[in-house]
Amino acid sequence: MITRTLHTLQKARGFSTSSIPRTTSVTLKALGLDSYNLGVYNGKWGGNGDVVESVNPASGDVIGAVQQASASDLNDTLDQAAKAAKVWREIPAPKRGEIVRQMRNALFSKIEPLGKLVSLEMGKILPEGIGEVQEYIDIADYAVGLSRMLNGKVVPSERPGHMMMEVWNPLGVVGIVSAFNFPVAVYGWNSAISLVCGNPVVWKGAPSTSLTSVAVTKILAEVLETNGLPGAICSLASGGAEIGHSMAKDKRINLLSFTGSTNVGRKVALTVQERFGKCLLELGGNYAIIVHNDADLDLAVRSTLFAAVGTAGQRCTTTRRLFLHEEIHDTFIERLQKAYSQVKIGNPLEPGVLCGPLHTKQAVAAFEQGISDVKAQGGKILYGGSVLNIPGNFVEPTITSIAHDAPVVHREIFAPILHTIKYSDIKDAVAWNNEVGQGLSSSLFTTDPERIFRWIGPSGSDCGIVNVNIPTNGAEIGGAFGGEKETGGGRESGSTAWQQYMRRQTCTINYSGMLPLAQGIKFE
């Protein structure tokens, strides 16, 4: 029945398996995928939900299809993950790190086809697709080392004959809901750290990148099966909003990591809080670069181009606002327009292409609405502004000139639209950077030490990532990744982010045979 349904869908679109470009069929085969795939894994593969097609945003062709999870599938998967938690938490952390090391090697062996699949299914250019898989490999390397450094601390006790210490233990099952724009890396940040911390994971990727979710899970499942471990340690429940909502409500998920829009993230937070669960949120972004009059303009132009156009403006850290000092404004705009004119737009698998398609037709519509709003709110289009009349979801990377407080400037549009604003006083630029609701990433280009340290200080940027002379995107895995305000406050990847995936316990051990009480209390 499922195969016939898929065939009907293919026929209706004028699509057939034989029409898939050779690159696509070779890529799917290299990753153990087919035109139809099961999208639930909890030690065994299954799926009883809807069949969802994955569409190449560069052409509109169907790449393949994935059978999503039903409510019953999710329930079974959570049961299996809870059982796996009892096994996984008892394995010493360095041994868990060894399993993650093997996963790292398995991912590396598939980096080329997996990177190509990301490009085919999400739409980002091939170097970015491969780079995203490399980011998972990097965080796995980090997690392997971390598995020997999940350190607690000894706390001096005021009571004689007592030892007080802080220890960290596994939290339980970690649910991961990731977005389409980073269908490998965001899961990697969460799963690699969760696993060494002793937690099995249940993953719901974006429905539009389900093939990538299945491919990654197949790679990890093989490692677990080779080592005789429960496959449910790395579970997958492909699905849409209803599966994500069920995960948010379910007490069997001890921590829910959610990456997505601020509007949905707010609902997720409320749902999880109702059951006193824990959530880690990575939400909206609307980030700025400030270029002062003493900046290295060549460096700033190249950085802005990458930050605004990379991934076709579909990164959470994409630069969407550009504040230019009045003395360098005109020169910078001229150089930036020239740089934009040299950006090759097209098939993300082709060498030399720097800007691929938007992910969906809905994103194209949001781009068009954004351009319309710019014009209606007194702005000007300095470059681009059009949807390209070719197959796929292609738009022109766009530069506008508009007031800093125009409503469209304060709204995140997940497309390559860059709003430019002139300033004369650096204090105004910093205030404008901070006036939006989101607070993930920001960057200042200057060579003045005083401005640099004020920018990263208490009266500077209010974002979680505060850069100097580098773009707003391209974060390294060693630092904690996350933001403030409507970005959600969560932290993933490096630094002490691992502590969110563990249970902190303060332990006091009395070896004195006496019972002295704290604060000098007598109870006799």
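The following legends describe close-up views of a predicted model.

**View 1. Packing of helix 2 against helix 5 in the predicted model.** Helix 2 spans residues 22-30 and helix 5 spans residues 111-122; their axes come within 9 Å and cross at roughly 130°. Helix 2 and helix 5 are therefore oblique to each other. The crossing of this pair is left-handed. Helix 2 contributes Thr 24, Thr 27, Leu 28 and Ala 30 to the contact, and these residues meet Pro 113, Lys 116, Leu 117 and Leu 120 of helix 5. By class, the residues in the contact of helix 2 with helix 5 are 5 nonpolar, 2 polar and 1 charged.

**View 2. Packing of helix 5 against helix 8.** The axes of helix 5 and helix 8 (residues 210-226) are 9 Å apart, and the two helices pack at an angle of about 165°. Because angles over 145 degrees count as roughly antiparallel, helix 5 is roughly antiparallel to helix 8. The crossing of helix 5 and helix 8 is left-handed. On the helix 5 side, the contact is made by Leu 114, Leu 117, Val 118 and Glu 121. These residues meet Ser 210, Leu 211, Thr 212, Ala 215, Val 216 and Ile 219 of helix 8. The contact of helix 5 with helix 8 comprises 7 nonpolar, 2 polar and 1 charged residues. Leu 117 of helix 5 takes part in the contact with helix 8 and also in the contact with helix 2.

View 3. Ile 176 has Ser 257 in strand 11 as its bridge partner.

View 4. Strand 4 pairs with strand 5 (residues 62-67) in the antiparallel sense over 5 bridges. The bridge partner of Ser 54 in strand 5 is Gly 64.

**View 5. Strand 7 and its pairing with strands 6 and 24.** Strand 6 (residues 153-155) and strand 7 (residues 162-170) run antiparallel and are joined by 3 bridges. Val 154 has Met 165 in strand 7 as its bridge partner. The two strands form a hairpin with 6 residues between them, and Gly 161 in the turn has a positive phi of about 70°. Strand 7 also pairs with strand 24 (residues 502-510), in the antiparallel sense and over 9 bridges. In strand 24, Arg 503 is the bridge partner of Asn 169.

**View 6. The surroundings of Arg 491.** Arg 491 is located in the loop between strand 22 (484-485) and strand 23 (492-493). The side chains of Arg 491 and Glu 484 are joined by a polar contact of 2.4 Å. Leaving aside neighbours within four places in sequence, the residues in contact with Arg 491 include Leu 280, Glu 282, Gly 464, Ala 480 and Phe 481. Also among them are Gly 482, Gly 483, Glu 484, Ala 497 and Gln 500.

Conventions
Residues numbered from 1 in each chain as written. Predicted model: local features only at pLDDT ≥ 70, side-chain atom pairs only at ≥ 80, totals over all residues. Heavy atoms only, no water. Axes fitted to C-alpha atoms, helices over the stretch in contact; angles between N-to-C directions. Helix = DSSP H or I, 4+ residues; strand = E, 2+ residues; numbered from the N terminus. Parallel < 35°, antiparallel > 145°, perpendicular 65-115°, else oblique. Left-handed = near helix turned anticlockwise from the far one by under 90°. Contact = heavy atoms within 4.5 Å. Nonpolar A, V, L, I, M, F, W, Y, C, P; charged D, E, K, R; others polar. Polar contact = N/O pair within 3.5 Å; in protein donor to acceptor, adjacent residues only side chain to side chain. Pairing = 2+ DSSP bridges.
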